[in-house]
Amino acid sequence: MGNYLGIDVGSITTKSVILGQDDQVLAKSYIRNSGRPIEAIQKGLEEVLAQVGGSISIHGVGTTGSARHLAAYLVGADLIKNEITAHAIAVVDFLPEAKTIIEIGGQDSKIIVLRNGVVVDFGMNTVCAAGTGSFLDQQATRLGISIEAFGDLALQADHPVRIAGRCTVFAETDMIHKQQIGHSVEDIVAGLCDSLVKNYLNNVGRGKEMLSPIVFQGGVAANRGIQKALERELEVSLVIPKHFDVMGAIGAAKLVKRANLFKTQFRGFDLTQKSCSTRGFECSECENQCEVIELLMNHHVVACWGDLCERYRHREKA
Amino acid sequence: MKVTFPHLGSMHIFCKAIAETAGIPYIVPPETSRKTLTLGALHSNECICLPFKMILGNFIEALQKGADTIVMVGSGPPCRLGLYDLVQKVILEDMGLHYRWLTIPPRLTWRAIWKNHEETKELRKELSAKNIFLFPYGLWMGWKKMMACEALEKLAMKVRPREISKGETQRRWRQALSWVDGAKTPKTLEGAVKKGKTLLQEMEQDHSRIPFKVAIVGELYTVMDPHINRGVEQKLGELGVEVTRTSWFSTHILRSVRQNKANQASERIRFFEASKAYLDYDVGAECNVSIGEAILRSKEGYDGVVHLMPFACMPETTASGILNKVGKDWDIPILTLILDEQEIEGRIQTLLEAFVEMLEWKKGVA
């Protein structure tokens, strides 16, 4: 059947995977965007290519994540899929009996309810990004600890502090107060994990039927403090897939494989050698003042978007 | 005197028609844009909902363009929306803008009529005998145009999921609306509607497609204005969904003038009654109707319900909690979308795509 490439460009990290003949993960990469998704996609491609020994033929490319369209323009994707479906597809193959998926990423948190391998309900944070990984990131930086050590530190707490869970912006006020009256860093970190979990369950998880087996994935699934806090609240143990951090990308690759393509649009791995950049300008044709983006590859405009009226997109076609 | 009104949905078209026909000078607020929202948000309380900010922005832009009289519909408590006209008045006064205000009463009561009489006392002095004489005719033209806009939008909602070239319905629908807007006599209006309907019907369509049927429910300003809901109706249509909604200007006007028991608005009574299984009292605004409609749509064989609400909207927050249970009890997928100032179009697209895919899964299409 061939090899398929899946790319999941989230708000904080970019995930790339190559799936082989039998859907096995041949290569995977998980890197931070640092606000530069294009560079991150190029770097991700470089990394997966290196892992398979510098050359591989790709039969199809699927993109997902909040920057799935940007990624698709850049790499020449055959399929663009929303991240909810991509995550669900990856889990259905990994654990067909799964009933709930908890996915907490950098800026997004989702819940997907599955029954008999089919999505029956889902939820995602919309206007508010509280209860996501970037908040933990920020607090880790403030406390001077690495995000990787964060979760294990939480497990060492004796008495996790109580932190208001309504909103993480409010939680910060509460947390600083606890810090100033002398609570240990471990207890504060554990309190933060509890607060994030409560926030997630109250907002994204509200009203959803969370039956076991529950699969926990996304970047935050690496955080053992959060895992324990979730397990405590839900009173079940969670299943964490081996490739928990790249499940969206795996889903995208699987979906493109299922699409049974005739020929891929993939621009090829030499994309990593090209100079790719975007150029934005504010259109002043109407009150909307759209911020239009042009994608340049080796100094040529190859795609354009952001114009509500689509005038630039059409000009490009003409 | 130069009157102005909210841009909201097709409201600017029929309000303009009333003024134009009666010979009263008017200013149509500029099309709602990011600038409108920025202005509205800057001058209102941070916690207030998105429709309030959008409408306030419309008024500020219209006043800046030279309007001096604002016509706004009032509504009732308990929701903050009921205080829209009162609060907006205070804000505009604080901004130092000069204008006169006319509230169209939400319910025809003696008190409302008296208030209306007081407000119009000054205004009437500025109107000529001709204006006053033509006013009933203006109202009639306005009503006709409103019905025309609604008929065209309903048709667009029907053909959109079957369009071959994506976005074609939207272009044709806007064209048809501009014909309606431009019509000056009952005869030309009739012609414009006919031409508009033909334009939409003659579009290249795939009639073999069987679209999903989804009902849009929720807070009425959010449901009716595509600028507030970021084009949910169009987005769903272009994903191949036939959208239905029961919140129209005509429904709300008929309800206000207590015509609801008679004809068109009776549907809403039905929804209200259906919500009683979950709610024993009237929460206010559209809350009970949103719940009741979801229940009945499930019985009618609809594939799903999309529930729209502005962030922090009290009645609809109440509804969203209950809708979770309704969805399970009646086995109908319900997606609640919360709208606020942020640019969340991408997120809305993601959620709607996933929602439609879920419907496909449910039906066993995929």
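Visitor: In the hairpin of β2(A) and β3(A), which residue takes a positive phi?
Guide: Asp23(A), near 65°. That hairpin has five residues between its strands. This is a predicted model: local features need pLDDT of at least 70, side-chain atom pairs count only at pLDDT 80 or more, and totals for chains, interfaces and linings use all residues. Residues are numbered from 1 along each chain as its sequence is written, with chains lettered from A and ligands numbered from 1 in the order written.

Visitor: How many bridges join β2(A) to β3(A)?
Guide: Seven, and the strands run antiparallel. Strands are DSSP E runs of at least two residues, helices H or I runs of at least four, numbered from the N terminus. Strands pair if DSSP finds at least two bridges between them. Lys15(A) has Tyr30(A) as its bridge partner.

Visitor: And β1(A) with β2(A), in what sense do they pair?
Guide: Antiparallel, over six bridges. Gly6(A) stands opposite Val17(A).

Visitor: Is β2(A) buried or exposed?
Guide: Seven of its seven residues, 13-19, are buried, so β2(A) is largely enclosed by the rest of the structure. Buried means 20 or more other C-beta atoms within 10 Å of the residue's own, with C-beta atoms placed from the backbone; exposed means 12 or fewer, partly exposed in between.

Visitor: Which residues sit on each side of β2(A)?
Guide: Thr13(A), Lys15(A), Val17(A) and Leu19(A) on one, Thr14(A), Ser16(A) and Ile18(A) on the other.
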